[in-house]
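Work through the exercises below with the model open in a viewer. Each task is followed by a stepwise solution.

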Amino acid sequence: MTQQDWPLYEVFVRGKRGLNHVHVGSLHAADDQMALTHARDLYTRRNEGVSIWVVLSEHIAASTRDEKDPFFAPSADKVYRHPTFYDIPDDVPHI
Amino acid sequence: MSEDHLYLTLAEGHEDDARWAFGTGFEDPLHGVDTTVPAGVDAAGLAACCLALGDDALVSAQRLAEWTTRAPELEEEVALANIGLDLLGQARLLYARCGQVDGSERGEDAYAYFRDADAFRNVRLAELPNGDFAFSVVRLLVLSAWRLALFERLAGCADPVLAAIAAKGVKELTYHRQYAAEWAVRLGDGTDESHRRMRAALADVYPYVDELLATGPGFGIDTEDVREEVTAVLGQVLDAAGLDLPDVRPLPGSGRDGDRTEHLAPLLAELQSVARAHPEATW
């Protein structure tokens with residue numbers, strides 16, 4: 001495209017042994033379907049994934065650097081929020 | 001479980017070879033397949049079939065690779081190269097099978113690098129220069145629609161090796177056809193300029209289509225049955241793209257009989273130059 005770039009998409013892939021879709025990168029595409037095929041070609045060509053999500057980057061609301069302290073600093077001294085005071089049974093995975 | 005990053009999870013379970021960049025967890029499509037030619041299978045016919053399909057794939061792969069650094073978008077460049085690599089993989093397996101059954105005991109490299117243009121049996125459509133992106137789209141659509149229809153049938157053929165190669169190829173070709181069909185619709189139903197280019201591409205490709213559809217692989221596969229399916233698929237895509245079949249005559253001759261255009265020899269000169277300059281090299 002010479003006059004206008006295709007919109008940016010963010011790509012999330014669920015790996016073969018992964019539990020969640022994980023952000024792996026971004027790409028340009030003209031529409032959702034093209035974004036999926038591009039994601040398949042760019043991010044799963046080494047046998048990485050079994051499922052892909054794509055979303056227009058502009059649809060992602062993100063916290064900003066300015067909000068870093070009010071957002072995240074208050075949790076730093078509240079150790080009691082961690083479940084480290086419980087014994088987790090051996091047969092409970094992924095915690 | 002390394003949940004930090006997807007690529008870290010890839011190396012898990014592959015401690016001996018934990019270099020995920022080279023790929024992990026791959027499957028050998030021919031694992032456990034008996035390579036002896038079954039009784040009743042015509043070895044010469046099988047070899048000719050593997051050679052023709054291998055040549056289609058190798059020459060197509062080279063043309064697709066030529067889009068690298070020249071594609072209209074980075075993402076398309078990778079997509080086209082991926083498709084080319086799928087076809088290159090198919091060519092390797094088909095050449096290897098050819099060498100097992102034609103009595104020559106040649107390896108895959110002998111077929112790819114040490115034959116001249118007049119020994120190739122690919123359809124001429126595969127060797128035409130890339131030209132416009134629309135031409136590459138239409139060519140890929142036609143070739144992948146035909147190859148998919150054929151491989152679906154070959155997956156049940158009497159030779160277990162060719163059947164396994166075809167079964168692997170079906171999954172790849174389904175994607176190739178989808179990729180090409182999406183672009184055909186996008187361009188055909190796009191702007192006046194993209195529609196015009198698609199019409200021109202169809203007019204350039206279709207004289208070569210009959211040569212492709214007229215040849216059968218043997219194994220009792222009905223060539224007319226394949227032709228009907230491919231014609232229906234192409235009709236469906238062109239309908240969705242708002243394009244009509246061009247009114248063109250089939251070109252006489254056939255690449256399957258050794259008829260070549262002037263474009264194959266230069267393609268092979270580039271493809272084969274390194275292997276011929278260093279014939280004892282291994283890689």
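Two strands pair if DSSP finds at least two bridges between them. With that rule, Arg14(A) stands opposite Ser51(A) in β3(A). The model is a predicted one.

**Exercise 1. The sheet of chain A**

Task: Work out the strand order of the sheet in chain A and the sense of the pairing.

Solution. 
Step 1. Take β1(A), residues 8-15, and β3(A). They pair in the antiparallel sense over seven bridges.
Step 2. Take β1(A) and β2(A). Here too the pairing is antiparallel, over seven bridges.
Step 3. Assemble the order. The three strands run β2-β1-β3 in an open, antiparallel sheet. β2 (21-28) and β3 (49-56) of chain A are the edge strands, each pairing on one side only.
Step 4. From one strand to the next it averages 30 degrees.

**Exercise 2. Reading β1(A) residue by residue**

Task: Find which residues stand opposite Val11(A) in β3(A) and in β2(A), then sort the side chains of β1(A) by face.

Solution. 
Step 1. Look towards β3(A). Val54(A) stands opposite Val11(A) there.
Step 2. Look towards β2(A). The bridge partner of Val11(A) in that strand is Gly25(A).
Step 3. Sort the faces. Side chains alternate along β1(A). Tyr9(A), Val11(A), Val13(A) and Gly15(A) point to one face and are buried.
Step 4. Place the helix. α1(A), residues 32-43, lies across β1, β2 and β3 of chain A. The helix runs at about 135 degrees to β3(A).

**Exercise 3. The build of chain B**

Task: Compare the radius of gyration of chain B with that of a compact globule of 283 residues.

Solution. 
Step 1. Count elements. Chain B has 11 helices and zero strands.
Step 2. A compact globule of 283 residues would have a radius of gyration near 19 Å; chain B has 20 Å, which agrees.
Step 3. Check the extents. The C-alpha trace of chain B spans about 55 × 55 × 40 Å along its principal axes.
Step 4. Check burial. Of the 283 residues in chain B, 40% are buried.
Step 5. Check contact range. Among contacts in chain B with a separation of 6 or more, 76% join residues 24 or more positions apart.

**Exercise 4. A helix pair in chain B**

Task: Classify the packing of α7(B) against α8(B).

Solution. 
Step 1. Take the geometry. α7(B), residues 160-188, and α8(B), residues 192-205, pack at an angle of about 125 degrees, with axes 7 Å apart.
Step 2. Apply the cut-offs. Angles over 145 degrees count as roughly antiparallel, and 65 to 115 as roughly perpendicular. The two helices are therefore oblique to each other.
Step 3. List the contact. α7(B) brings Ala184(B), Leu187(B) and Gly188(B). α8(B) brings Ser194(B), His195(B), Arg197(B) and Met198(B).
Step 4. Sort by type. The contact has three nonpolar residues, three polar and one charged.

**Exercise 5. Positive phi**

Task: Decide whether Thr69(B) and Glu105(B) are buried or exposed.

Solution. 
Step 1. Recall the background. Most residues other than glycine have a negative phi.
Step 2. Take Thr69(B). Its phi is near 75 degrees, a positive value. Thr69(B) sits in the loop between α2 (43-65) and α3 (74-101) of chain B. It counts as exposed because it has 7 C-beta neighbours inside 10 Å.
Step 3. Take Glu105(B). Its phi is near 60 degrees, also positive. Glu105(B) lies in the loop between α3 and α4 (108-113) of chain B. With 8 C-beta neighbours inside 10 Å, Glu105(B) counts as exposed.

How values were computed:
Residues are numbered from 1 along each chain as its sequence is written. Chains are lettered from A and ligands numbered from 1 in the order in which they are written. This is a predicted model: local features need pLDDT of at least 70, side-chain atom pairs count only at pLDDT 80 or more; totals for chains, interfaces and linings use all residues. Helices (H or I, at least four residues) and strands (E, at least two) are DSSP runs, numbered from the N terminus. Axes are lines fitted to C-alpha atoms, for helices over the stretch in contact, and angles run from 0 to 180 degrees between N-to-C directions. Two residues are in contact if their C-beta atoms, placed from the backbone, lie within 7 Å. The radius of gyration is taken over C-alpha atoms; the globule rule is 2.2 Å times the number of residues to the power 0.38. A residue is buried if 20 or more other C-beta atoms lie within 10 Å of its own, exposed if 12 or fewer, and partly exposed in between; C-beta atoms are placed from the backbone. Angles under 35 degrees count as roughly parallel, over 145 as roughly antiparallel, 65 to 115 as roughly perpendicular and the rest as oblique. Ala, Val, Leu, Ile, Met, Phe, Trp, Tyr, Cys and Pro count as nonpolar, Asp, Glu, Lys and Arg as charged, and the others, Gly among them, as polar.
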